[in-house]
Amino acid sequence: MNTLAHYDPLAAPHLLAANHPHLSASPSRFDPSQFHTMSGRKRKASEEPDHDRMSLSPTASPSISSRPLAAAGSRHASKRTRTGAAGGRPLALPRLLETLSADEMRQLLQNVCDQHPELQQEIVTKAPRPSIESTLQVLSTYESAFREAFPLGNRTTSDYSYNRVRHHLLQLIDSLRDYTPHFLPPQETQTMLSLTYLDSVTNMIHRLPDWDSYQHQRHKHEAYDEISKAWALVIREASKRAGGFHLQFGGWDQKLVEHNQKSGGRLEEALDELKASLGFMQGGSSGSHNAGAGAGSGGSVSEERANIRQQLFSGTYGQGLGVGTGRW
């Protein structure tokens, strides 16, 4: 019948044996070899997808999946070893010098020179020349320390005050004594620089107290004597160049007269040198720029030099000769 011809045998298990006699469930027709073969085929078929699933899982096969991870881990470890290994080391000399203050730098150089005396001359010759500004700044530091050392509530000229500030006073005097030769001929060849320095440090000596005890005054008196000799040296060397004319430029003769008055006449040596070099007596007056001044020193200066001086004072020197005035 048509109904049985199109009937699905899987929908009627009891008809399976009828249509396929070799698959019959009857015990008399069961073949163990066929069951073994089919079961073996089923196990292989079932293992293949399991194997595929396991190979895709990162935890299913440790021997395979761990290899790339271990290799990657070893590469990261080697990179950390090369770039991340922090080790302490001392600073390079340029970086170390950048961190030092001026006081620390001076102390370092002094220690090195003390341990290696042969380096002292090399440092002295290669170091930049001190300028007037930097030198006066150092001297001002010593003067400030001297001023700050005075005790409160006591006269600044008393013996007690002197004993309290004596150490700082000696430091200031010694610094003046050490720095002054640096700005004197032949070390310093520019007369204007020498005179500028001497003018500043002479005012510094004026500011020292006049102590009550005469024996304490010797430091100030000795400072005046030494600075007077320095003035005389600069004036004497300046008189050898241009006849000492540039000593008048800027009023240095007037300043020296004022310094001598403030010192109580202790700069007479320098003032006498100025009179001898210019060839006229100032008579204690700082502003006597007149035409007859050139004949006051017993004829030691010629009439021609006196005439040139007068032209310099009046600002007419060099006119008609192409020489500029006031440029000394």
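**Entry 1: ground rules**

I number residues from 1 along each chain as its sequence is written, and my side-chain values use heavy atoms, with hydrogens and water left out. Because the model is predicted, local features need pLDDT of at least 70 and side-chain atom pairs count only at pLDDT 80 or more, while totals for chains, interfaces and linings use all residues.

**Entry 2: the chain as a whole**

I looked up the secondary structure and found 14 helices and zero strands. Helices (H or I, at least four residues) and strands (E, at least two) are DSSP runs, numbered from the N terminus. I then looked up burial: of the 328 residues in the chain, 28% are buried. Buried means under 20% relative accessible area, exposed over 50%, and partly exposed in between, with a 1.4 Å probe and protein chains only. For contacts (heavy atoms within 4.5 Å), I took those between residues at least 6 apart in sequence, and 60% of them join residues at least 24 apart.

**Entry 3: α8 with α10**

I took the α8 (residues 132-148) packing on α10 (residues 191-206) next. The two helices pack at an angle of about 10°, with their axes 11 Å apart. Axes are lines fitted to C-alpha atoms, for helices over the stretch in contact, and angles run from 0 to 180 degrees between N-to-C directions. That makes α8 roughly parallel to α10; angles under 35 degrees count as roughly parallel, over 145 as roughly antiparallel, 65 to 115 as roughly perpendicular and the rest as oblique. On the α8 side I list Ile-132, Thr-135, Leu-136, Leu-139, Ser-140 and Glu-143, and on the α10 side Leu-193, Thr-196, Tyr-197, Ser-200, Val-201 and Met-204. By type, the residues of this contact are seven nonpolar, four polar and one charged. Ala, Val, Leu, Ile, Met, Phe, Trp, Tyr, Cys and Pro count as nonpolar, Asp, Glu, Lys and Arg as charged, and the others, Gly among them, as polar.

**Entry 4: α10 with α12**

I followed α10 to helix α12 (residues 252-262), where the axes come within 11 Å and cross at roughly 20°. The two are therefore roughly parallel to each other. The crossing is left-handed, meaning that the near helix is turned anticlockwise from the far one by less than a right angle; clockwise would be right-handed. From α10 the contact takes Met-192, Leu-195, Thr-196, Asp-199, Thr-202, Asn-203 and His-206, and from α12 it takes Trp-252, Lys-255, His-259 and Lys-262. I note three nonpolar, five polar and three charged residues here.

**Entry 5: Thr-196**

Thr-196 is listed in the contact of α10 with α8 and in that with α12, so I looked at this residue on its own: Thr-196 is partly exposed, at 33% relative accessible area. Apart from its neighbours within four places in sequence, Thr-196 is in contact with Ile-132 and Trp-252. Thr-196 and Ile-132 are 64 residues apart in sequence, with 8.3 Å from C-alpha to C-alpha.

**Entry 6: α9 with α11**

I checked α9 (159-179) against helix α11 (residues 218-239), and found an angle of about 10° with axes 11 Å apart. That makes α9 roughly parallel to α11. Tyr-162, Leu-169, Leu-170, Ile-173 and Arg-177 in α9 meet His-219, Glu-222, Ala-223 and Glu-226 in α11. The contact divides into five nonpolar residues, one polar and three charged.

**Entry 7: aromatic rings**

I searched the whole structure and found four aromatic pairs. Rings of Phe, Tyr and Trp (its six-membered ring) pair if their centres lie within 6.5 Å; planes under 30 degrees apart count as stacked, over 60 as edge-to-face and the rest as tilted. Phe-146 and Phe-150 have ring centres 5.1 Å apart and planes at 70°, so this pair is edge-to-face. Both residues are buried, Phe-146 with a relative accessible area of 0% and Phe-150 with 13%. Phe-183 and Tyr-197 have ring centres 4.5 Å apart and planes at 20°, so this pair is stacked. Phe-183 lies in the loop between α9 and α10, and Tyr-197 in helix α10, 14 residues apart. Phe-183 and Tyr-197 are buried. Ring pairs also link Phe-146, Phe-150, Tyr-162 and Trp-211 into a cluster.

The peptide bond from Pro-185 to Pro-186 is cis, with omega near 0°. Glu-148, in helix α8, is exposed at 68% relative accessible area. Its C-alpha is 9.5 Å from that of His-168, which is 20 residues away in sequence.
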